[in-house]
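The tour goes sheet by sheet, then on to the ligand.

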Amino acid sequence: MKKWLFSLVFFVSSCYVHAQQLAPVPPMGWMSWNYFADKINEKDLREMADAMEQSGMVKAGYRFLMIDDGWQGGRDNRNAIIPDPAKFPSGIKALADYLHQKGIKLGIYSDAAPLTCAGYTASLHFEEQDAATFASWGVDYLKYDYCNAPTDSNTAKLRYKAMANALRKSGRYIVFSICEWGDRKPWLWAANAGGQLWRTTGDVRDKWQRAPGEKSGEGLMEILDVNAELSDYAGPGRWNDPDMLIVGLYGKKGPSGDLGGIGCNDIEYASNMSLWCMMNAPLVVTCDVRHMNDITKRILLNEEVIAVNQDPLGKQAIRKIKGDQWNVLVKPLANGDYAVAVLNRGTEAAIYSLLLQEIGLSGKYEIRDLWQHQVVTSGNKWKGKILSHETRLFRLKKV
Ligand code: GLA
């Protein structure tokens, strides 16, 4: 083989291996934005970490605590980015150390422009210096936003690549999360630019769907309709990110409450979890995990549902049926099983007959309900009642 060709093959395959190592399955964790906005501080974040540990979240796989916008305090006289000393008097490294002792990884946030979305210091032209700073603090994940940057795709690709390269050069494994809200179809280029995940939509609000006449604010259904169509682009080390889970927010507080974010009921929050798991979404909790009720815990900590999301095959579900009322998603799993989700988008409970042949599955299966934790039937069909906005989630094993 010619030398240059060998080097090229080596470079491409090492990028691939690198991305797979960083996020072989969708990242799981908690992120500060939807609940706290920029009103964050080290005390609250430590309490969140304690709660993640005590509630069983860490054991269930939620291994990242991600600080979103608002941590920055400008730059020092050597241009190094620094945290706001009032919010983080002990510094970010001390927080990282605290988390690492608990087996939690630290995520941080910046933006590909001079200022972030909330107007704080960002990383344009300081990519290498900031990446080195993040690495020296022990950061494991970077969400990189795109406010205050030019709208064209070329600039976005260049700016994301610059930060991806800087992260690799820093010598630390840091997951790179691209956040330009799907505006430039990042599913086509973000993996090449060095991202392991990319947001596909605008910010999720704490609502099921837009109310009639409402023109802005993404609800769960607006996001589903974009993200469910992108299954071809996801795989180990490269994930579509339909934004955070709103489970447990109950319309109480934070930016997710803006733009019609009036809150959801628990059936809708369970659908959020089921659908995001089927779509291989990063599972990023945003409610106040210090005060979760039992239902919120049951939704977020269902191991059988999480296993669908974290399945090593890494195939995003295909939406096989997409009517106004019924949506059916099918996701192949590593051991040959299938996960199947049936969503009732209607305003009334209704009976649904699922014929497995209609979703491309021939033969007979044992059908296990992953919310009821029991086998509900065996054969080539399932029929049952589905509440308004409920998602029934099944695991099918060939018999
Ligand atoms: C953008 C992002 C959000 C959040 C805020 C922070 O809106 O999409 O997820 O990070 O910025 O300012």
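Begin with the open sheet of 6 strands, ordered β11-β12-β13-β18-β15-β16 and paired antiparallel. Strands here are DSSP runs of E of at least two residues, helices are runs of H or I of at least four, and both are numbered from the N terminus. Two strands count as paired if DSSP finds at least two bridges between them. Select 318–322 for β11 and 374–379 for β16: these are the edge strands, each pairing on one side only. From one strand to the next, the twist averages 25°. Such angles run from 0 to 180 degrees between the N-to-C directions of axes, which are lines fitted to C-alpha atoms (for helices, over the stretch in contact).

Select residues 365–369, strand β15, which runs antiparallel to β16 and is joined to it by 5 bridges. Show tyrosine 365 and look across to β16, where glycine 379 stands opposite.

A note on the model before moving on. This is a predicted model, in which local features need pLDDT of at least 70 and side-chain atom pairs count only at pLDDT 80 or more, while totals for chains, interfaces and linings use all residues. Residues are numbered from 1 along each chain as its sequence is written, and side-chain values use heavy atoms, with hydrogens and water left out.

Now colour by pLDDT, the predictor's confidence in each residue, from 0 to 100. The protein averages 95, and 95% of the residues score at least 70. Which element has the lowest confidence, and which the highest? Helix α1 (residues 3–22) is lowest, at a mean of 63, and strand β5 (residues 105–111) is highest, at 99.

Leucine 142 has phenylalanine 176 in β7 as its bridge partner.

Next, select 72–75 and 81–83. These are β3 and β4, which pair in the antiparallel sense over 2 bridges. Glutamine 72 stands opposite proline 83 in β4. The two strands form a hairpin with 5 residues between them, and asparagine 79 in the turn has a positive phi of about 70°.

- Lysine 143: 2.8 Å from a side-chain N or O atom.
- Arginine 199: 3.2 Å from a polar side-chain atom.
- Aspartate 203: 2.5 Å from a side-chain N or O atom.

Technical notes:
Polar contact = N/O pair within 3.5 Å; in protein donor to acceptor, adjacent residues only side chain to side chain.
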